[in-house]
Amino acid sequence: MPLEVNPRLQTEATALSRTRKSSFQPLPYLLLLPSLALIFIIEFYPFINGVSFSIHKGNLLSTGGFVGLGNYWRLFQSPGFYNALWFSFVFAFFNVSISYLIGLALALFLNLDFPGRGFCRVALLIPWIVPAVVSIVSWKWLIADRGGLVNIILSSLGLGPIYFLSQSGWAMVAVIVIKIWRSFPFMMLSLLAALQVIDRTLYEAGRIDGANNWQLFWNITLPHLKNISIVQAILMVIWSINDFETPFLLTQGGPSNATENLILLSYRYTFGRNDVGLGSAVAILTLIVLMVLSTTMMRQQAKSF
Amino acid sequence: MKAPHPPPQSTLLLWIVVTSIALLLSPFAGQAKDHVDLQFWDMIWGPPEYIDTGKALVAQFNQEHPNITVNYRSVPWTNWYQTFVTAIGSGTAPDLSTGAGYQAIQLYDQDAILPLDDLISEWKSNGKLDDFLPGTIDILKYKDHYVALPWAIDIRVWYYRKDLLEQAHVQPPTTWQELKAAAQTLTDAKANRYGFVACGDTLGSQWLFTLILNNGGGLFTKDQKADLSSARNVEALQFLADLVRNHDVNPASAGYHDDDEVSAFTQGNGAIILHAPGLSRRLPKISDKMGVLKPLVGPHGDQGTIYWVNNVMLYKQGKHPTEAKEFLEWWSEHEKDLWTKGHVTQLPVRKSFAADPYIAGNAETSFIIENYVPVAKTTATHATEIFPKLNDVEGEGVMQTLTQNLLQGKDVEASVKEASARLKSILED
């Protein structure tokens, strides 16, 4: 049976619509224009420019002719691109997972009541607070083959010296470990904040029901940390893949490009090789990779509600 | 009280016209019209006193030429290329500048450089060119134009620790064969002492260039195509790979930078290194224990090392090319102070400067000028002239990666194959 519409209501709705149309006020939209222009200049102009560069030949001085997807095609044929893509994923995977585990362990520890807790909370934030240049240069001294503390200890144990920055495998380990060291305080801080808002009565109820510590952690703590964990993971993946300073200051992507991620590759192509088109193509592909990863994780988060 | 009437528009206009004419006719305005301001950007080529000397020279020029004021700006090497292209792109390029070895040709191809053909032609006819070391003028000829004027030579030479060689009863090597034998004798891995210490940065890649050129090889064919996998080149690379395989090269070398390499050399963790001239001045504590090897003789009797002829270039955007050339000419003839007072470690291209007691009296510098400069070659070898892509080849880091591969003991054939593909890709862009 077709749906009947009350003619009086229909007349009223039409009248309201006309009133709305006639009372259109342009001022609010005009007031929004400066903000929109600012967003366009800051966000979209560089992006559009980047896309435009990526489909043109050219150098830092002048944009060359249109090459369509030629730069992307060259990139897909370059072993350097796959090497950087692979290292970016390895770097992000280990950084996100290990810094999360360390951050979670420390957050659980700092959530306990013990003397000196305040000091520990501040002290554990130091890796996050110290400027990247300072911390990375300090690490370079620590792991130096001659006179570095780590190698002095390893040598005294008969295990060294290890040439951390001179061998591809060890250089990857060094870059990842230092990134984890710089990242875990963020994980710790966010998780600690999330832990502190969990209702204590839930744990009391659990204990009354006979749950042990592991069951309390698994069934109460972890579910409450799920949302913040997904947000943290998204942010940390973005920050890891976009990380320029850690590999650049430590190894400059070497030795043998073993620690070169997509951002370093984009930098090398643009400023080293003077090929802005190829460098921009790497940057655009990095953006696409990050968008795919972020969207997947956000969908995962949405499903959990 | 009645307010005074504002002056009518015609009176105001008359005032403006009269004032403008008076200003234009005044002696001050005449001086301002004839006076020329030039911007000179000079890279930092030496210690802090280099900059002071450059400024003092410019002040002297300004005093001698009241109608020209040259403004001296010291430009750091960090992001040097971006500095220049940004300036050119925004229309604020200097009138003239010093720069990297191949900067002039790269910017010339982008229509930013003013050729110096007339100046060179004039100097050729009046004999002024005779003061320049052979080849240093013509090396900067590109597409039949002289794109810059040389001022200094940057070169790589072999330094060795006299004390370590004496302790090991090793004579300074003169051939590759002797070099290999010396390295073996000098190496004592347990004591962290090695025949060589190298590095994985730009200086490290110059090891490869030096060995390749020393062996009569070159990175390019005559028509500027990649030729890395030629027999002579591979033989040179294999020589380094063999030294690494025999543990004669400090194993930390692949991750070292210039400073680390020099530090290891100072501490005796490497007895022989490749470096720019002036190293003994940089290391006063061990300067009496250091020597420079004679240019080595390769297995086929060749000699060679890498060098760059650094230069001064004029920019098309400059509004006063005549005055800029006048300053360039003056600078080229008066810049001896850059060595005697500024202590720049590069070698002068002018024979008259090289004859100065400050330079001629320095045994190390004289030795390098006499022995290394005549056998030195550019990275463009065997191409018939230098070309813009050389900058991209150096900047892209292909040779650095190849050096790091070899210093880590990776397979020569696979490494050369990978590097050749990268090199071809750069040249084909």
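In this predicted model, chain B splits into two domains, each built from two stretches: domain 1 covers 36-154 + 308-375, and domain 2 covers 156-306 + 379-428. Going by C-alpha atoms, the centres of domain 1 and domain 2 of chain B sit 29 Å apart.

So much for the layout; now for how the two domains of chain B meet. Here, 18 residues of domain 1 of chain B are in contact with 18 residues of domain 2 of chain B. On the domain 1 side, helix 5 (103-108), strand 5 (141-142) and helix 17 (363-371) of chain B each put in at least two residues. Helix 17 of chain B has the largest share of that side, at 5 residues. Sorted by class, the domain 1 side that touches domain 2 of chain B has 10 nonpolar, 4 polar and 4 charged residues.

Then there's the contact with the other chain. It takes 24 residues from chain B and 21 residues from chain A. On the chain B side, at least two residues each come from helix 4 (80-89), helix 18 (389-396) and helix 19 (398-407). Helix 4 of chain B gives the most to this side, with 5 residues.

Here is the make-up of the two sides described above:

Notes: Residues numbered from 1 in each chain as written. Chains lettered and ligands numbered in written order. Predicted model: local features only at pLDDT ≥ 70, side-chain atom pairs only at ≥ 80, totals over all residues. Domains from an automatic or database assignment. Contact = placed C-beta atoms within 7 Å. Helix = DSSP H or I, 4+ residues; strand = E, 2+ residues; numbered from the N terminus. Nonpolar A, V, L, I, M, F, W, Y, C, P; charged D, E, K, R; others polar.
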